[in-house]
Amino acid sequence: MAIDFLYPEYEVVRNKDRCISCRVCERQCANEVHRFDPSFGYMTADESKCVCCHRCVALCPTRALKIVKTDHTFKENANWTGKAISEVYRQAGTGGVLLSSMGNPERGPIYWDKILINASQVTNPSIDPLREPMETRTFLGKKPGRIERDEEGRIRPNLSPQLKLNMPILFSAMSYGSISYNAHASLARAAKALGTYYNTGEGGLHEDFYEYGPHTIVQVASGRFGVHKDYLEAGAAIEIKMGQGAKPGIGGHLPGLKVGPDISKTRMIPEGTDAISPAPHHDIYSIEDLRQLVFSLKEATAYKKPVLVKIAAVHNVAAIASGVARSGADVICIDGYRGGTGAAPTRIRDNVGIPIELALAAVDQRLRDEGIRDQVSVVVGGSIRNAADLVKAIALGADACYIATSALIALGCHLCRSCQTGKCNWGIATQRPELVRRLNPDIGCERLVNLVTAWDHELKEMMGGMGINSIEALRGNRLMLRGLGLTDRELKILGIKHAGE
Ligand code: SF4
Ligand code: SF4
Ligand code: SF4
């Protein structure tokens, strides 16, 4: 008999006095943890299947449940931790690559938490955002270097296509396939209500969502799934995906079991086949090749839409961004190493790439040094958790931020990091109809609108506190930031002083 070396990570604690054996937990758990045992007349649990998603806890009518991390332990070893040992057991049992999802959960510096924001006191007085106008509208795209006039002195319009955002927040790429129809519907409706954009990711655009085109960024990734002329024309902008923070340097993989009729039609691939995006675009091996794709897409859409290029934050990101700016892209999107994903090899997710804070500061500085900062807008993502992270990102040089994990949390995600199984109990990262139905797009939209509206209020409050009344004045204003507990090298890369200086 094979021995199972793995001890369950979580324990299901059921208060027997409160449990009324209603079996709600059994019906709600797609991982089949709970089971009513008729011979004993009470509920039991197979804890080895629990991913700690809290669905059963939230829906138990008598609050009889809680999920706790097991205190079962390995003998202390600072090098061979319980996690490291368990992963070896798992791979020895399967022979496979460890898969996970969402962002890198490992400890390590989170620079947002080591950066402090300034506030006015005596001089340069603060502004009360309730009584004075604050401008959080943001335009993404190339800004002309100078005003041009015709022979009669009239201003000649020379502005490239722009994306207009009511606040500097966009919903980041999440494909239909990695997330559900109802999750996409929530994002699309919220983007429209907020006056911002959501992003199709690499999975094409479901025909039902063409009506949200003016609030949609359509993505062109290496697999070219669902890319055709109507798709390109449907969006307000086109994003070329070169890289993703959670898995820089590798492609994507949507297992065939998630490719049902609707997804097959949207992605233009046969039902039940794996959707594999290659690691590189097979027509891009240089900045010149990238430039060709940028201009092909512009040409295909009559030069009416901005083209975004998304890259992962890697070691030489500043040089790469400089090349991307010269490729004719209107916006560079940089995804940091804590960015989320629907599925990624765990080793890649947790070990490849660099923090978005350092990448952003390096890119902004490089583009300024080269005098090309206004030729391109910079959007960053990869774990923007709240309005303070947003303010810090803009002060470090971003024009706007992409959010995805926080948007999914608003929809009910409990960060169980099991999206790759397709059994999301919250109806988000799943295609199973009975699970998808759990997410109501009306409620989802309302919660997303609430989240972004709340952040917009906080953004205005923090800007007002600094005596700043526009995003334009905050962007790249690193004097508004101070580091805490950072080395000289880190401060130098971030381009900020230490607290007290
Ligand atoms: S949902 Fe709560 S009350 Fe119902 S069976 Fe489960 S633990 Fe018991
Ligand atoms: S996987 Fe989620 S729903 Fe199932 S037992 Fe664990 S916490 Fe409850
Ligand atoms: S989307 Fe669903 S499966 Fe993925 S982490 Fe969130 S709750 Fe878990």
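Author: Start with helix H10, residues 356-369. Its 14 residues, at 1.5 Å a residue, should span 20 Å, and the end C-alpha atoms are 20 Å apart, so the two agree. The expected span here is 1.5 Å times one less than the number of residues. Helices (H or I, at least four residues) and strands (E, at least two) are DSSP runs, numbered from the N terminus.

A word on the source. This is a predicted model, in which local features need pLDDT of at least 70 and side-chain atom pairs count only at pLDDT 80 or more, while totals for chains, interfaces and linings use all residues. Residues are numbered from 1 along each chain as its sequence is written, chains are lettered from A and ligands numbered from 1 in the order in which they are written, and side-chain values use heavy atoms, with hydrogens and water left out.

Back to H10. Its buried residues are Ile-356, Glu-357, Leu-358, Ala-359, Leu-360, Ala-361, Val-363, Asp-364 and Leu-367. Buried means under 20% relative accessible area, exposed means over 50%, and partly exposed falls in between (1.4 Å probe, protein chains only). These buried residues pack against helix H8 (317-326), S18, strand S20 (377-381), H11 and helix H16 (488-494). Contact means heavy atoms within 4.5 Å. Just after H10 comes Gly-371, with a positive phi of about 70 degrees.

The side chains of Arg-475 and Asp-399 form a salt bridge (3.1 Å, N to O). This pair links distant parts of the chain, 76 residues apart. Arg-475 sits in the loop between helix H15 (471-474) and strand S22 (481-483). Asp-399 sits in the loop between helix H11 (387-396) and strand S21 (400-403). Both Arg-475 and Asp-399 are buried. Through shared partners, salt bridges join Asp-364, Arg-368, Arg-373, Asp-399, Glu-472, Arg-475 and Arg-478 into one network. A salt bridge is a side-chain nitrogen of Lys or Arg within 4 Å of a carboxyl oxygen of Asp or Glu. The structure holds 32 of them.

Lys-310 and Asp-335 meet through their side chains (3.9 Å, N to O). Lys-310 is in strand S17 (residues 307-312) and Asp-335 in strand S18 (residues 331-335), 25 residues apart. Lys-310 counts as buried because its relative accessibility is 5%. Asp-335 is buried too. Among the contacts of Lys-310 beyond four places in sequence are Ser-172, Gln-219, Glu-239, Lys-241 and Cys-333.

Another pair is placed otherwise. Arg-156 and Glu-148 form a salt bridge (4.0 Å, N to O). Arg-156, at 39% relative accessibility, counts as partly exposed. Glu-148, at 29%, also counts as partly exposed.

The largest nonpolar core has 96 residues. Such a core is a set of buried Ala, Val, Leu, Ile, Met, Phe, Trp, Tyr and Cys residues joined through side-chain atoms within 4.5 Å. Phe-171, Ile-334 and Ile-428 have the most contacts inside it. Leaving out residues up to four places away in sequence, Ile-428 touches Ser-178, Ile-179, Ser-180, Ala-183, Leu-408, Leu-411, Gly-412, Cys-413 and Leu-439.

Ile-428 also belongs to the shell of ligand 3, as do Met-102, Cys-413, Cys-416, Cys-419 and Cys-424, among others. A residue is near a molecule or strand if one of its heavy atoms lies within 4 Å of it. By class, this shell has nine nonpolar, two polar and one charged residues. Ala, Val, Leu, Ile, Met, Phe, Trp, Tyr, Cys and Pro count as nonpolar, Asp, Glu, Lys and Arg as charged, and the others, Gly among them, as polar.

Met-102 lies in the loop between strand S5 (99-100) and strand S6 (115-117). At 3% relative accessibility, Met-102 is buried. Met-102 and Ser-418 are 316 residues apart in sequence, yet 8.1 Å apart in space, C-alpha to C-alpha.

Two more ligands remain. Ligand 1 is surrounded by 13 residues, the closest being Cys-19, Cys-22, Arg-23, Cys-25 and Cys-60. Its shell divides into nine nonpolar, two polar and two charged. Ligand 2 also has 13 residues around it, the closest being Cys-29, Cys-50, Cys-53, His-54 and Cys-56. The shell of ligand 2 divides into eight nonpolar, four polar and one charged.
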